[in-house]
Every structure is written in structure tokens, then in C-alpha cells.
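User: Can you walk me through this structure? I'd like to start with the side chains.

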Amino acid sequence: MKVLTGMVLLVLFVACETHASPKIINAVSRFGHPQVMKPADKFGHSPYSPLFDNGAWHGHLLPNNAAEYGGFTGNAVITEEYLTYLFERIERLQVFHGDIKLQFDAAQYSLPGELVQTLRHELATVTIRLRFVSERTSLIQTTIHTKQRLTLKLDGKLLHQLNQQQALDQQYPKLAPTMVASESGISTTFGRVRDPWALLTSGSNEYSITRTIPFKNVVENDRYYSETQTSGDLQFYTAISYVHNQQERIQTAKVVAKILSSPVTYWQRSKARWTGYLARYQTLPRDKQTLAIKAVETLIGNWRSPAGAIAFDTVSPSVTARWFSGNLTWPWDSWKQASALRLFAPDLAKANIDAVFSYQIAANDPVRPQDKGLLPDLIGYNLPPERGGDGGNWSERNSKPSLAAWAVLNTYHASKDKAWLAQIYPKLVAYRDWWLRNRDHNQNGIPEFGATIDKHHNNQAGELLFYLHEGKQKHARFGLKAYRDAQAQGKQISIPAQTAASWESGRDDAANFGFISPQQLEIYVKQGGDAKDWQVEFASNKDAQGHLLGYSLMQESVDGASYFYSDTKNLSTIANILAKPQEAKAFSAQAKQIADYINRCMFDDNSGYYYDIRIAPSPLENGCAGKPIIERGRGPEGWAPLFNQVATAYHAKRVSEVMLSSSEFNTYIPLGSASQTNPAFGANIYWRGRVWLDQLYFGLMGLSYYGYETEANTLLQRFMQNADGLLQNAPIRENYNPLTGEQQGAPNFSWSAAHILLMIEAFEMDKPKAPIKEEKPVSQQITTN
């Protein structure tokens, strides 16, 4: 079988086939032939990028070897919270003229929302296309042009090897995939498995194949074979569905019947939906258009329809990432995703936000009533044991930074849905109130990051948990006094609340929260630093009656304060839209107070940068809670005041000089998660070096808001050119190496895709205007020695 390969050949082929200008194809590589159910790259994620669409819980790949052409490989399902490849192949079409198998010339490629294979032979031409047409069903369109009598044979095969080390029946014998043939097609059912960290099935899951024309279907162990004949042109459709349980099975069977009774209608709806998604980007230069299409494909591929505990459509960080799949939903990710989705799919943007708020803690919550207004860090398909489920991923250990009103306002401007805005407004207010009640230890209106009351953080008496490390052993200890004593004695300790506080910031192991490797700390001390600079302090937060509410990291974070400023300012705007002038006025006044505090207390004039401040036992004479923590180096938290438009022109100029310095953040891929001068910097460290596209976007927008648009655009173009695979067909990654451009972290990452679209929107489609900022007198600047 001859195969057309390579981007140029495929583009030319599509142009000839459609008699139109060349289409953008293979924006993301959809090719692959997994041989195990859980393949993994060096980061532990799927090395393949199947096509997922329309919120469906299954996906498909195009084959990358000639023996598999005519069918689909890499047929993946999401077993509630984890990606699993089930079939080596499905619906592989082989065509026979008498006893002779036709050897086709083949071309295959992906379009946005579609997989295409064209097989050519002098006796027949076959075109096979696949699209998603409902939240549980993909549809294959097979078109055959021939004047001969031909035999058509289809086959499929299950995978049995779980990974490189284990067979499926060794690890999960109860899964036991079972194929059954019927007149309409093939169904595969699965047994019940409840492994909260790898694979979850209900016992009534089903993967079904249903066709519009009759085939003779036979199952032999782990394979199926189907056969029919044609004597001329033929077109038929095949519905592929995956469901989680019996209820979905019944509902989906009805939908499939409708689809197969009018397949062209559903097919055209899918095409129209994708035409709508991409219309906004048709006039972009070719490279930016391709990148925008890749970003849209990424976000839509991570869309999951309602299932399990989540009753809304939502968007996960990455369907192909080990810990980010299913309908796992984080607030921090969702604010960013929604802000991009509203540009081309505003209803999905609203649904993603609604999913987050659907588990906002209420006053009568049976588990944590003290956290009224909290948005949990992570929700998903399965509730945690505390709420009657058996999930492991669900987390209420912390919340996420308060950019909710920013995302809601962005989405409202696109949807113009005032009723939705009115419905969500009191939830936004409750969320803000939670920050002030449960995370503002010194009650000065500037919340800290911290941790909730949780089995991972404290004992039943509410005493904070920490661990003493002695060699390879660790010993649990409790209480703030014991923790401080261990710190004073220089013992090696770790405290889960520190992890939760960093998660709450959205920057998991960032240097400003005291994270540094032992080797880096040793160097820091040898160069004259004090190891105590990297110790973190905690305090218990209590209500007026003395009841424990949670814990605060005893530092006020400049990025958290800046986001809180934006949240407050945007709540004022929303209140005005909803004709609540008094509330709007109050929020506006509070926002001004926050802005003044940030500029007065969190800027260090000597180094020209913003920092977190360490909360002192009592406020300083200037009203600040403490002094900037300059010893932990510089990170992207320092340009948060620019992105949130808190900074004055003076402060912005100083910060921009640091951002644009080649010894600081102006690297091969610019604006990483720590400055090169940071004692805890490492180019391959998660949040202490790698370039994250949300922080890149925040930095570029911050520069542009203050008149440095040329510099921002230069940094953006360098990122686009230097990020490995970004302008080719590699998946959009979670982060990139600042010094080499190497792809790092999860593939097909939603918030990276979202910020690519937002950057294209800002620098290719819109031109942000720098606001006029009144400079603060130098006498009001804080200087630390």
C-alpha cells in the first residue's frame, strides 16, 4: 500500500480533493498505534493525542502504519478520571475483489474536529471520515465508489497489556472486557474496578459499534470480524459510543437511533459547530492561524460533558495527562479557560464556571460549614469518602486565587447573559467573603494563602500536622509550638499546610513560599545566606467565638493581593451592571485601598520589584504588615501588579527593567517562573524555572498596559518561535524550559491553549492601550535594607 506522508503532500492532496485553497491540517498530530492500555512518555502522560470532541468520553487516533490503514487505532476511553486505551484497532476496512485483497494508495490526515482517510485503487476509491456528533457518540462516514462486486471486511481487536510491565488480567482481572456480536454491530462491556488512582469502572460500562447497514458479525475471543458485500457505490455510517453506566446506556441507545436515522443532519451540525469555532481566526497569518486552531482543538478536546458528580459541561486541564483527565476541574484553570472559551464557545465558558460553583461550600455543609463560600481546589467525577464517594483526586485542602470575577465578567461581555450574571453574582460575593473571613489572619483586608481544616493538615484537636525527617524516616508531630521549636532547632521538617498554601496560590512549589532544594539551600548558606530565610510560619484563623476556621501562611502574597484587587474591582463593575450602586461603590473603595497597600508595602525600591511580605508580630509604623521577602528571590508574582493594573507608572517601569533583563527573566523562552538570579531557580523545576503560559500572558499584558507593547510583542514572538513544537504539530504543553525551549509537563494543556488564544487576541487582533497611571511620590515607596 502506497502512502502519502508529510505535511506538504497532504496539504496539496486536500486542496485538489476540495478544489479550494489548502486547508490547515494536522495542527496536532493525531497519529499513533498504542500497544498497551497505559502508554507513557517521560513525564508519565500519554504520548499520543487522540481526537476528542463534543464533550465525549472516548477518542480516536489515525494509524501510523500501513497494516492498520482503513481503520482507527488508539481508541481511548476515559474511565471516569483516567485515560485508558481499550482497542488496538476498530473498524479496520479491508476490501476484496474475489479472493484478492485490494492494495490501496492511502492518504490520511486530521482536520479540526475530523479524521480523514482516503484509499485509492483502480477498482475502488474509499473515503473514511470520523466526527463527533453527540456527547457520547462519534460517527464514521464510509463512502465507496466502485463498479465492481466487492467484499468488505471490518475487524477490531482489544488490547490486553496494561503497560510495559503488566498484563491487564494481572492487575485488573475483574475488568474482563467482553465482546458480543449482534445484527447491528458489536458491543464490549467491562467489569467493575475501583482503583481511585488509575482506573475506575462501574461494572455496566459499554463501548458499542452500531452501523446503518447489515454486516455478518462474529466475535472470536478478543477480536471481532464483520463482513458484507457491495456491487456498486455505497455509503454507510457507524456510530461509536462509550457510556459509564446502565442509565447512560439506555439514554445513548435512543440518541444513536436518532443519529443513524438521519446521519447527514448530525454530520452537518458537527461541521457547522467547528466552522463557528474557527471563524474568528480565518484572517490571521498562516502560522498564527494554525496555532490558534491547535489551541481551539486543545480546549475542545478537553471538554467533558456531564457525568458522575459533575452536572455541568466542564473543561479539564488535559485529557492525555495522567492526573488531569476526566472531568477533573480546578477553579484556577477554569477562570483562564473560560476567558478564552468565551471568544468562540461562550456557552461552554459559562458551563465551566458553573461547574466550579456547583460545589461552593454552603453554610449548612455537612463536612465543612466553617468554609462557607469556599471553592474547593479540585472536583471531579467521584466524590471523596467524606462525602460518600470513593474518589481520590477530589480535594478541599485549599482554594485557588480569586480571579473568578475576572472570568465571569469576561464571559458576560461575550454572552450578554445578564440573568446568568445575576445568578452568579452572590456566589462571587460569598467567595470573596470567605477569603476575608478564613484567610485574613491580621484582618487588614489583604488575605493570605493557606490551608483548610483537613485530615492532611491537622488532627482531630485542630493541631497543625508536620513531619520530622530523620534519614529515610519521617515522624508525625502536631501543634504550632512544636513546629516552631523544631524550626528553631534547625531540624529537617515538612508541613503539608505549606504544600496546600502553595497549591492555593496556583504556583505549587514556588520559591516565595519557601521551596528550595537541599542542594540549593546548601549553596545559599555557603554564599552567606541564612537557612531560616526559607522557613515558613503559620497561624490558626478563628472566628469571634474561637472556633477554628483554617490556617494562614504568615505572609501576604503580592500576586494574591493583586488578584484580590481585580476581583474586588470587577465585582464593582458587575454590581453596577446589575443596578446595585451602593455595593458597587463599596467594592470600588475597597479596591482603591488594596491598590494603595500593594504599592506602599510590597515594592522594594532598591531592587525595583514587588515581593510578598512577611507578617511581623505587629504592624510597621507605615501600616504595612511587614517587610518584603526579597531574600527568596524574584518570581512572576512581581509582575502581577502590572497585569492587574495596580502598579503606578513608576513601579511598572522599574519592574519592566527586571523583566527585560537577560540576567533575570529575558531568557530563550522569556518570563519563567523564577528569575535566573533566584537562589531556588532551576530550568526544569515545576514552578521555579519553567515557563508557564498564564504567567507569560500576565507579564506580556502587564507590559503592554503600561506602554511597553513593543517589548511585549518581541517577547511573544520569541516564545512562539523558540518553544519546541509549538508551530509544528506537537501538542501544546503545560510548560517549557526557559533556557532550551524544551517541551515540559502535560501535553494538550488547556490553560496553555487558553493563553495562546488570549495572546493572539491581544497582540494579533486587538491592540491594548496603556492606561494613564498617576505616579506615587517617591516618599511613599517602601525601601528595604
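This is a predicted model: local features need pLDDT of at least 70, side-chain atom pairs count only at pLDDT 80 or more; totals for chains, interfaces and linings use all residues.

User: Where do W435 and F449 sit in the chain?

Analyst: W435 is in helix 9 (residues 418-438), and F449 is in the loop between helix 9 and strand 21 (450-451). The two are 14 residues apart, and the pair links distant parts of the chain.

User: Buried or exposed, W435 and F449?

Analyst: W435 and F449 are both buried.

User: What about W639 and F665?

Analyst: W639 and F665 are also an aromatic pair, edge-to-face, at 5.0 Å centre to centre with 80° between the planes. W639 is in the loop between strand 30 (613-614) and helix 15 (640-643), while F665 is in the loop between helix 16 (649-659) and strand 31 (691-692), so the pair ties together parts 26 residues apart in sequence. W639 has a relative accessible area of 0% and is buried. F665 is buried too, at 0% relative accessibility.

User: Which residues do ring pairs link into a cluster?

Analyst: F324, W330, Y686, W687, W692, F749 and W751 are linked by ring pairs into a cluster.

User: Which rings have a charged end over them?

Analyst: F96 is one of them, with the charged end of K153 sitting over its ring, 4.4 Å from the centre. Another is Y266, where the charged end of R269 sits over the ring at 4.9 Å from its centre.

User: Switching topic. How many disulfides?

Analyst: The count is one disulfide. It is formed by C601 and C624, with the sulfur atoms 2.0 Å apart. The link is left-handed, with -80° about the S-S bond.

User: Where are C601 and C624?

Analyst: C601 is in helix 14 (residues 581-601), and C624 is in the loop between strand 30 and helix 15. They are 23 residues apart, and the pair links distant parts of the chain. C601 is buried, with a relative accessible area of 0%, and C624 counts as buried at 0% relative accessibility.

User: Now the backbone. How do strand 32 and strand 33 run, and how many bridges join them?

Analyst: Strand 32 (residues 733-736) and strand 33 run antiparallel, joined by three bridges. R733 has P747 in strand 33 as its bridge partner. The hairpin has six residues between the strands, and G741 takes a positive phi near 80° there.

User: How many residues of strand 33 are buried?

Analyst: Five of the five residues of strand 33 (residues 743-747) are buried, so to speak mostly covered.

User: And why is helix 6 called largely enclosed?

Analyst: Helix 6 (residues 331-341) is largely enclosed by the rest of the structure because 11 of its 11 residues are buried. Among them are W332, D333, W335 and K336.

User: Last one. What does the side chain of T146 reach?

Analyst: The side chain of T146 reaches the backbone nitrogen of Q148 at 3.0 Å. A polar atom of that side chain also lies 2.7 Å from the backbone oxygen of L123. T146 is in strand 9 (residues 137-146) and counts as buried at 6% relative accessibility. Leaving aside neighbours within four places in sequence, T146 is in contact with L123, A124, G232 and D233.

Technical notes. Residues are numbered from 1 along each chain as its sequence is written. Side-chain values use heavy atoms; hydrogens and water are left out. Helices (H or I, at least four residues) and strands (E, at least two) are DSSP runs, numbered from the N terminus. Buried means under 20% relative accessible area, exposed over 50%, partly exposed in between (1.4 Å probe, protein chains only). Rings of Phe, Tyr and Trp (its six-membered ring) pair if their centres lie within 6.5 Å; planes under 30 degrees apart count as stacked, over 60 as edge-to-face and the rest as tilted. A charge sits over a ring if NZ of Lys or CZ of Arg is within 6 Å of the ring centre and within 35 degrees of the ring normal. Two strands pair if DSSP finds at least two bridges between them. A polar contact is a pair of N or O atoms within 3.5 Å; within protein, one must be able to donate a hydrogen and the other to accept it, and residues adjacent in sequence count only if both atoms are side-chain atoms. Contact means heavy atoms within 4.5 Å. A disulfide is a pair of cysteine sulfur atoms within 2.5 Å.
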